[in-house]
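The following exercises concern a single protein chain. Please examine the sequence and the structure before working through each solution.

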Amino acid sequence: MGISQPTRVEAEATLRLVQSDGSTVPVRTELIYEPDDPYAVHLRFHDMGAVIDWYFGRDLALDGLEGPSGLCDVRLWPIRSTRGRFVALALSSPDGNALFHVPRSRFARFLQRSIEMVPRGEEGERLDVDTCANRLLNCRIR
């Protein structure tokens with residue numbers, strides 16, 4: 001009997017939504033990495049009964065741990081505050097913009113687990129084009 005391998009990496013995280021006055025409010029979020037879509041990480045926000053999904057590049061997320069990363073819709077950069085080390089995550093869409101603070105240690109552990117599952121440089125060997133196309137075509141707010 002073989003040891004079953006995990007089919008995805010999941011972690012719960014509480015991101016802090018930065019409001020216009022600088023205060024923050026907690027937002028319950030899931031971080032998800034699926035090896036059949038090896039280039040992407042997935043954030044699932046749970047807010048006021050709605051589930052909002054965002055997908056963006058794993059390399060963009062990894063780069064954002066150490067310095068500014070991304071353009072346009074998704075941007076990340078490391079920050080330090082009196083409350084600790086975070087990654088700033090700026091999301092933009094036609095419906096608006098949002099800035100979140102992600103606990104750096106939790107985000108880094110999640111990304112490290114994704115690398116353990118699918119090492120950098122081996123993503124192309126795991127890519128399931130049909131699954132990726134299906135996700136793109138079905139991306140929506142539920």
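**Exercise 1.** Determine the accessible surface of the chain and the share that belongs to carbon and sulfur atoms.

Solution. In this predicted model, the accessible surface comes to about 8600 Å². Carbon and sulfur atoms hold 52% of that surface. As for burial, 37% of the 142 residues count as buried.

**Exercise 2.** State how many helices and strands the chain has, and give their order.

Solution. There are 4 helices and 8 strands. Read from the N terminus, the elements follow the order β-β-β-β-α-β-β-β-β-α-α-α.

**Exercise 3.** Classify F45 as buried or exposed, and describe its surroundings.

Solution. Step 1: the relative accessible area of F45 is 5%. Buried means under 20%, so F45 is buried. Step 2: the largest nonpolar core has 27 residues, and F45 is among those with the most contacts inside it, as are F56, L89, F107, F110 and L111. Step 3: leaving aside neighbours within four places in sequence, the contacts of F45 include L15, V27, I52, W54, L91 and F100.

**Exercise 4.** Classify the ring pair of F45 and F100 as stacked or edge-to-face, and locate both residues in the chain.

Solution. Step 1: the count of aromatic pairs is 1. Step 2: the ring centres of F45 and F100 are 4.9 Å apart and the planes are at 25°. Planes under 30 degrees apart count as stacked, so this pair is stacked. Step 3: F45 belongs to strand β3 (residues 40-47) and F100 to strand β8 (residues 96-103), 55 residues apart, so the pair links distant parts of the chain. Step 4: F100 is buried, with a relative accessible area of 7%.

How values were computed:
Residues numbered from 1 in each chain as written. Predicted model: local features only at pLDDT ≥ 70, side-chain atom pairs only at ≥ 80, totals over all residues. Heavy atoms only, no water. Core = buried A, V, L, I, M, F, W, Y, C linked by side-chain atoms within 4.5 Å. Buried < 20%, exposed > 50% of the residue type's maximum accessible area, 1.4 Å probe, protein only. Contact = heavy atoms within 4.5 Å. Phe/Tyr/Trp six-rings, centres within 6.5 Å; stacked < 30°, edge-to-face > 60°. Helix = DSSP H or I, 4+ residues; strand = E, 2+ residues; numbered from the N terminus. Areas by Shrake-Rupley, 256 points an atom, 1.4 Å probe, with all protein chains shown as cover.
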